[in-house]
Amino acid sequence: MEYRNLGTNGAVVSALALGTMTFGAEADEATSHAILDDYAAGGGNFIDTADVYSSGTSEEIVGKWLAANPAQREQMVVATKARFPMGQGPNDLGTSRRHLRTALDASLRRLGTDHIDLYQMHAWDPLTPIEETLRFLDDAVSAGKIGYYGFSNFLGWQLTKAAYEARAHGWAAPATLQPQYSLLVRGIELEIVPAALDAGMGLLPWSPLGGGWLSGKYQRDTLPSGATRLGENPQRGMEAWDTRNAASRTWDIIDAVREVADSNGVSSAQVALRWVADQPAVTSVILGARTREQLADNLKAAELRLAPEELQRLTEISAPQVEVYPYGPKAVQQRSRKIEGGR
């Protein structure tokens with residue numbers, strides 16, 4: 001297993017994190033604990049959960065495993081999130097001081113711990129001033145309730161505003177951003193990746209397999225069926241079948257991933273994960289396994305090294321589709337210049 005700093009901070013995490021959104025939903029407690037056992041045995045030390053996952057059940061499952069494995073609690077970096085509704089009241093969501101105080105204490109109870117290593121705001125809150133959120137997080141760091149904090153699903157301007165407001169007030173700086181990122185979804189490279197690099201924040205990509213598409217288990221124009229996420233719900237979220245199946249880019253990428261995988265004697269999932277792990281600013285890639293078999297295959301990505309020409313091929317074929325302005329090639333040229341000058 002490869003290890004990296006948490007952004008530009010001193011904490012060290014494995015380059016492959018274990019996401020636990022499946023816990024309590026697609027994986028029962030026994031299976032979830034077995035997955036945690038296997039992840040720890042594979043050298044992983046970074047667990048990511050959220051209060052909203054299975055309405056708190058995911059945190060509870062992680063907490064029970066930590067309690068049963070106290071030595072692992074000393075080694076694991078535990079991350080959770082808050083922002084989405086945990087009740088029906090007007091203060092049961094958001095990133096206000098009022099809600100975060102309640103949410104943080106509830107997460108600590110469910111996880112059975114006195115501190116959370118990385119506390120993340122699950123999304124931007126348009127109704128709460130970012131200064132209010134940042135001051136709460138700085139207070140939580142000072143109180144020892146959290147070690148670091150980060151964000152998830154923020155846009156580039158939101159990330160930059162938060163980072164520089166924290167700096168201007170002398171508050172603890174954000175450590176990480178958790179965005180969706182994969183060979184299929186690369187839009188964050190236009191604004192969000194540069195913003196993270198500028199702020200010294202590490203990226204924790206979620207859905208690095210594009211909701212399962214990049215594992216190679218789907219066939220073109222063949223509606224998925226059976227015990228897969230799209231088999232159970234073809235219109236599931238951002239990875240819905242109809243839209244992606246209709247795009248030739250989707251299948252061009254999947255075919256390229258499969259060819260690189262075959263030439264290396266590994267799975268498509270390992271290739272897709274390795275590509276994400278090798279991108280600028282990426283600290284740790286979040287694995288979302290629902291079975292022990294899926295996790296075992298995904299963890300092998302830690303051992304894989306792709307040749308420069310293989311990485312380049314995947315990067316070129318998956319290039320994000322953009323308009324002429326402001327992200328087209330000519331517009332990008334306007335934002336660069338030669339150090340030696342000249343036309």
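User: How far apart are the mean positions of the positive and negative charges of the protein?
Analyst: They sit 4 Å apart, taking 33 positive and 41 negative charges. Keep in mind that this is a predicted model.

User: What makes the radius of gyration agree with a compact globule?
Analyst: For 343 residues, the globule rule gives a value near 20 Å, and the protein comes out at 20 Å, so the two agree. As for the box, the C-alpha atoms fill roughly 55 × 50 × 35 Å along the principal axes.

User: And what is the protein built from, in helices and strands?
Analyst: There are 14 helices and 10 strands. Among contacts with a separation of 6 or more, 75% come from residues 24 or more positions apart.

User: Let's zoom in. Why is Asn45 called buried?
Analyst: Buried means under 20% relative accessible area. Asn45 has 11% relative accessibility, so Asn45 counts as buried. Across the protein, 51% of the 343 residues count as buried.

User: Where is Asn45 found?
Analyst: In the loop between helix H1 (29-41) and strand S4 (46-48).

User: How do you know that the side chain of Asn45 has a polar contact with Val12?
Analyst: The cut-off for such a pair of N or O atoms is 3.5 Å. A polar atom of the Asn45 side chain lies 3.1 Å from the backbone oxygen of Val12, so the pair is within the limit.

User: Which residues does Asn45 touch, leaving out those up to four places away in sequence?
Analyst: Tyr3, Val12, Val13, Ser14, Tyr39, Gln75, Met76 and Val77.

Terms used. Residues numbered from 1 in each chain as written. Predicted model: local features only at pLDDT ≥ 70, side-chain atom pairs only at ≥ 80, totals over all residues. Heavy atoms only, no water. Helix = DSSP H or I, 4+ residues; strand = E, 2+ residues; numbered from the N terminus. Buried < 20%, exposed > 50% of the residue type's maximum accessible area, 1.4 Å probe, protein only. Polar contact = N/O pair within 3.5 Å; in protein donor to acceptor, adjacent residues only side chain to side chain. Contact = heavy atoms within 4.5 Å. Rg over C-alpha atoms; globule rule 2.2 N^0.38 Å. Lys, Arg positive; Asp, Glu negative; His and termini not counted. Charge placed at Lys NZ, Arg CZ, Asp CG, Glu CD.
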